[in-house]
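Please have the sequence and the 3D view open as you read.

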Amino acid sequence: MSGEVDHGITTEVATPVPGTVTWLAPVGSTVGTGQPVYAVDARPVVRLPGASPAWRDLGPSCTDGVDVRQLEQALADLGHTTGLDLTVDEEWTSVTTAAVRRWQTSLGLSRTGTVPLGGVVFTPHDVRVDEHLVDLGALVEPGAPVLSVGATRRLVTAALRTSQAALAPVGGAASLTLPDGSSTDGTITSTAVVTVDEQPQLRVTITPADVLIDPLVEGTPVEVGLDQTVATDVLTVPVTALVALADGGYGVQKLLADGTSQYVTVTTGAFAGTSVEVSGDDVAEGDEVVVTP
């Protein structure tokens with residue numbers, strides 16, 4: 001199928017506080033650890049590494065939490081805990097306050113020792129600014145998207161029918177052929193259902209194994225190959241006939257000759273559209289099974 005070079009699926013960054021947007025990181029720029037993403041009322045919103053989003057004020061009075069751990073780890077990575085006996089954990093201590101004050105000094109901010117909501121944004125990795133969603137000087141309310149960000153390196157995306165999801169499992173392999181005929185391998189790193197022309201599509205993001213595509217401009221076409229399992233001479237049932245069994249695994253509700261039914265265990269194999277391969281001692285060609293509407 002056809003794909004193209006881009007920076008993958010983008011994510012909107014929204015402000016949690018009201019105010020006036022006074023600065024935005026340039027489109028195309030990379031925002032690393034400790035760097036500002038945007039500013040509201042001249043106060044920078046700094047990107048720090050972390051999978052959990054910022055959702056509250058952080059300071060001596062806050063309860064333990066993973067956001068505290070993320071902040072402490074970032075302060076340590078940035079060198080603001082040198083000489084301090086800081087243990088990176090989920091508890092805010094006086095040492096955390098001291099490290100925050102050092103960090104605030106480096107940013108030219110007031111040394112409050114606390115981090116108000118809207119002072120930081122956590123993302124798992126460095127980000128690339130994809131688009132500005134507001135203009136400088138815009139008045140924003142909490143929850144308003146300010147800009148969108150994506151991956152820092154070039155990726156490949158392709159679109160599939162949603163019924164073809166089994167072809168693109170996260171972690172699966174893909175082959176990539178570039179316009180000059182060179183090829184490389186890739187790994188499927190994310191999928192998402194998006195709406196295009198009022199129709200759902202499965203957008204597949206592929207991370208190349210090397211840097212061959214890095215010099216290519218966004219939009220460059222790439223031929224994408226996905227491995228497909230071919231199963232022959234097998235029993236199949238509609239996917240909606242499968243039921244999850246209480247003790248694990250799958251089964252089907254099989255109709256018996258006397259008009260009753262019973263659940264029997266099956267082992268699933270290849271999926272194809274709305275059908276799935278099944279096997280088991282209690283199923284055979286011609287058996288009737290209950291299908292969920």
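Which elements do the buried residues of helix 2 pack against? They pack against strand 6 (43-49), helix 1 (66-77) and strand 7 (120-123).

## About the model

This is a predicted model, in which local features need pLDDT of at least 70, side-chain atom pairs count only at pLDDT 80 or more, and totals for chains, interfaces and linings use all residues. Residues are numbered from 1 along each chain as its sequence is written, and side-chain values use heavy atoms, with hydrogens and water left out.

Helices (H or I, at least four residues) and strands (E, at least two) are DSSP runs, numbered from the N terminus.

## Helix 2

Helix 2 covers residues 94-107. Its 14 residues should span 20 Å at 1.5 Å a residue, and the end C-alpha atoms are 20 Å apart, which agrees. The expected span is 1.5 Å times one less than the number of residues.

The buried residues of helix 2 (under 20% relative accessible area; exposed is over 50%, partly exposed in between, with a 1.4 Å probe and protein chains only) are V95, T96, T97, A99, V100, W103 and Q104. After helix 2 comes G108, with a positive phi near 75 degrees.

Five strands form an open sheet in the order 7-6-5-3-9, with mixed pairing. Strand 7 and strand 9 (139-140) are at the edges with a single partner strand each, so one side of each has no neighbour in the sheet. Pairing here requires at least two bridges found by DSSP between two strands.

Strand 5 (residues 36-40) pairs with strand 6 in the antiparallel sense over 4 bridges, and A39 stands opposite P44 in strand 6. Helix 1 packs on the sheet, touching strand 6 and strand 7 (contact means heavy atoms within 4.5 Å). The direction of helix 1 makes about 95 degrees with that of strand 6; axes are lines fitted to C-alpha atoms, for helices over the stretch in contact, and angles run from 0 to 180 degrees between N-to-C directions.

## A residue in strand 16

V237 lies in strand 16 (residues 235-238). Is this residue buried or exposed? V237 is buried, with a relative accessible area of 12%.

Leaving aside residues up to four places away in sequence, V237 touches T274, S275, V276, V278 and V289. V237 and D287 are 50 residues apart in sequence, and their C-alpha atoms are 9.8 Å apart in space.
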